[in-house]
Amino acid sequence: MKLLKNPRISLSLIIIVASLVTGIFAPLIAPYDPLKQDFISNLGSPSQEHLLGTDEFGRDVLSRLIFGARVSLRVAFVSVALAMILGTFLGLTGGYLGGWWELIAMRGSDVLLSLPPILLAMAAVAFLGSSLLNLTLIIGVLYTPRFARVVHAAVVREKNQDYIESQRALGAGIPRILLQGILPNILAPIMVQASLSLGFAILLEAGLSFLGLGAPPPHPSWGNMISTARGYMRQAPYLVISPSITIALIVLAFNTLGDGLRDSLDPRLK
Amino acid sequence: MWSYILRRVLQALVFIFLISVLIFSMIHIVPGDPVLTILGDEGASQEKIQALRTALKLDRPLPVQFFDWIGAVVRGDLGESLISGRSITPDILTRLPRTFELIFLAIILSLLVGIPLGILAAVRRNHALDWLISLSAMLGLSTPVFVTGTLLTLLFSLRLQWFPSTGYVSFQEDPLAHLQRLILPSISLATTTSAIVMRMMRSSVLEVISLDYIRTSRAKGLNQAVTLYKHVLRNAVIPVVAIIGVQVSTLIGGTVLIEYIFNWPGLSSMLIKAISQRDYPTVQGVVLFISSLVIFINLLVDLSYGMLDPRVRYT
C-alpha cells in the first residue's frame, strides 16, 4: 500500500475511520444517553462528568456529538454512494453510447452543476418535506452530476484505446466492455471525486440541519446542534465550539484525502 | 465568434427553461395534496381549500398551468405570495441589491486575501510558509460558512463588541451603521472563496513559472521580482478571474446561510422564510430568479474569458 505512506492520506484516513467507528459504536462509546434531559445541570460548563458540557436541556454534549456522527456520516455516505452509482452509470453509458442519451445525461448534469446545491436542496426539502431519507436522496441526486462528468470524460478518453478495441473485436457485449474493460481503468478519478463529495455532502447536510431542514429534533446532528447552541452563545459559548470543530475536522479530513489521492493517483489532474 | 456567443446564449436559455420545468413540477411531486399540505392538518373548510386551489391555479390542466406560469414569468411576473398576497417580483428586486452587496464585498475580500497569499505560497513552494498558507486554505475550504459566521459573531460581536451581531440598516439611513453590519457577513462569506482563490493562484503561478519563456527571462538575467510581476502574474491571474465567476454560484449558496445567521434581509432570507411558511409560489419564484441569475452570470464569465485571454479560441 504505497498510498498509505503519504502522510496526508494516512492521517486523514485515521480521522475518517475513527469517526466512522465512533458513529457505528455510538451507544457503546457515548458516556450518556444523548436524549436524556437533566434540568438541574443544564448549560453546564465542561467538567469531569461532562467533558464538553451540557446543553440547554442538560443533555451531554459529547454524547450528542458522538450520536450526531451517525446522522451526518450516514447521510453523507449513503448519498455519495447513490451519486456514485447513478453518476457512474450515466457517465459510462453516456460516454460510450453517445447520441441523444449522452446529450440528455450530460446536459442534465450541466444544469444541476450550474446551480448552488443548497438552493436546490432547500427547494426540494420545501416540497418533499424533511426526513433523513429525503435528505439522503436529494443530496444523492445533487451530487450525481459530479460523478457523471468525471466518468464521462474518462470514458471518452478510454473508449478508443487499443485494449477496448481488442475487447470489442473479440465480441464482448457493451455491459462487459463498460464494467470489465473501462470501469477498472477509471476508478482513480471516481475515488477522488467520492472523497471530495463526501466532504461536500457533510457540509450540505450540516447546512440544511442548521436551517432546520435536516434531521428532525430531538435527534442530534452536528448542524442542528450549532443552530440551537447559537441561542445560548452568551452564557455557554462552548456549546457552539465543539460541533463546529468536529464538522471542520471531518470535512478537512475528506478534502485532504481527496487532494492526496488526486496528487498520487492521477498526476495529470494536479 | 458571434456564432459562439449565440450558441452560448441559446444554451443558457435552454438551461433556464429546463430549470423552470423542474421548479414548476416541484409543486406537483409534493406527496399528497399540496393544498392540504399548505393549509396544515387542522380541518380546513371546503371553501378555503377551494379558494387556495384556485389561487394556486391547481384546478386547471397541467399544460395550461405551466404555460400560464411561464408566460407570466417571461413578462417578469413571478406571481403572488400566498401569505402577504403581494406580488413577488418587486420584493425580489428590493432584496437583490442587498444580496449583491454581500457577494461583491466577499469577492473583493477573496481577491485581496487569496491572490497575495497564493503568490507567496507559490514563491516559497514547499517551505514552512507555503505549508502554513495551504493548510489555512484547506481549513477555510472545510469550515462551513455558518460555522465561520457563528464563530466570528461569538468573537467580534459578543466578546469584543466591535460589530453589532445582526440586523440591517439601509445605507441611506445611516451609512456607518450599514457598513458595520456588512462586514462580518461578508468576511464569513469570503472564507471559502479566499481559500479557492489562493489555491488557484498558487497552482497557476507554479504552472506559469515552469514555462519556457519564464526560464528564458530568468536566463537573460532579469531580476526575479521583475519577472514575477511582468510575466508571471499577468498570465497567472487569468484562471483566477475565471474561477471567481464560477464561485458566484457558491457565494449565492453561501448567502443562504449567511443571511439567515446575520438576519440580513436579502434574497436568500426571503427564500428561507417562504419555505418555513409553505409559501410555494414565493419559493418557486425566488428559486427560478436565483437560478436564472447564476446561469446569466456564468454566461457573462464564459464570454469575458476570451477577452482576458486572447489564446482562448471560440469554437
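Q: Which helix gives the largest share of the nonpolar patch, and how many residues?
A: α5(B), with six residues. Helices here are DSSP runs (H or I, at least four residues), numbered from the N terminus. This is a predicted model: local features need pLDDT of at least 70, side-chain atom pairs count only at pLDDT 80 or more, while totals for chains, interfaces and linings use all residues. Residues are numbered from 1 along each chain as its sequence is written, chains are lettered from A and ligands numbered from 1 in the order written, and side-chain values use heavy atoms, without hydrogens and water.

Q: What makes up the nonpolar patch on the surface?
A: Phe104(B), Ile108(B), Leu112(B), Val113(B), Leu117(B), Leu120(B), Leu129(B), Trp131(B), Leu132(B) and Leu135(B), with about 960 Å² of accessible area together. Two or more residues come from each of α5 (88–123) and α6 (128–142) of chain B. A nonpolar patch takes Val, Leu, Ile, Met, Phe, Trp or Tyr with over 30% relative accessible area and no salt bridge, their side chains joined within 5 Å. The areas are Shrake-Rupley values with a 1.4 Å probe, and only the protein chains shown count as cover.

Q: Why is Trp131(B) called exposed?
A: Its relative accessibility is 61%. Exposed means over 50%, buried under 20%, and partly exposed in between (1.4 Å probe, protein chains only). Trp131(B) therefore counts as exposed. This residue lies in helix α6 of chain B.

Q: What makes Arg8(A) and Asp263(A) a salt bridge?
A: Their side chains meet at 2.8 Å, N to O. The rule asks for a side-chain nitrogen of Lys or Arg within 4 Å of a carboxyl oxygen of Asp or Glu, so the pair qualifies. The two residues are 255 apart in the chain: Arg8(A) is in helix α1 (residues 7–24) and Asp263(A) in helix α11 (residues 238–265), both of chain A. Arg8(A) is partly exposed at 34%. Asp263(A), at 23%, is partly exposed.

Q: How do you know that the pair of Arg199(B) and Asp259(A) crosses between chains?
A: Arg199(B) sits in helix α8 (residues 175–209) of chain B, and Asp259(A) in helix α11 of chain A. The closest N and O atoms of this salt bridge are 3.1 Å apart.

Q: Is Asp259(A) buried or exposed, and why?
A: Its relative accessibility is 8%, so Asp259(A) is buried.

Q: Why is the pair of Arg86(B) and Asp91(B) called a salt bridge?
A: The closest N and O atoms are 4.0 Å apart, so the pair meets the cut-off. Arg86(B) is exposed at 53%. Asp91(B) is partly exposed at 24%. The whole structure holds nine salt bridges over all chains.

Q: Why is helix α11 of chain B called largely enclosed?
A: Eight of its 10 residues (267–276) are buried, so the rest of the structure largely encloses it. Among them are Leu267(B), Met270(B) and Ile275(B).

Q: What makes the lining of the second largest cavity nonpolar, polar or charged?
A: Seven residues are nonpolar, three polar and none charged. Ala, Val, Leu, Ile, Met, Phe, Trp, Tyr, Cys and Pro count as nonpolar, Asp, Glu, Lys and Arg as charged, and the others, Gly among them, as polar. The lining includes Phe100(B), Thr255(B) and Ser268(B). α5(B) gives the most, with four residues.

How values were computed. Patches are made of residues with over 30% relative accessible area and no salt bridge: like charges are joined within 9 Å, nonpolar side chains (Val, Leu, Ile, Met, Phe, Trp, Tyr) within 5 Å. On a 1 Å grid over the protein atoms alone, a cavity is a set of points where a 1.4 Å probe fits but cannot get out, and a pocket is an open set with protein on both sides within 12 Å along at least five of seven lines; lining residues have an atom within 4 Å of a point.
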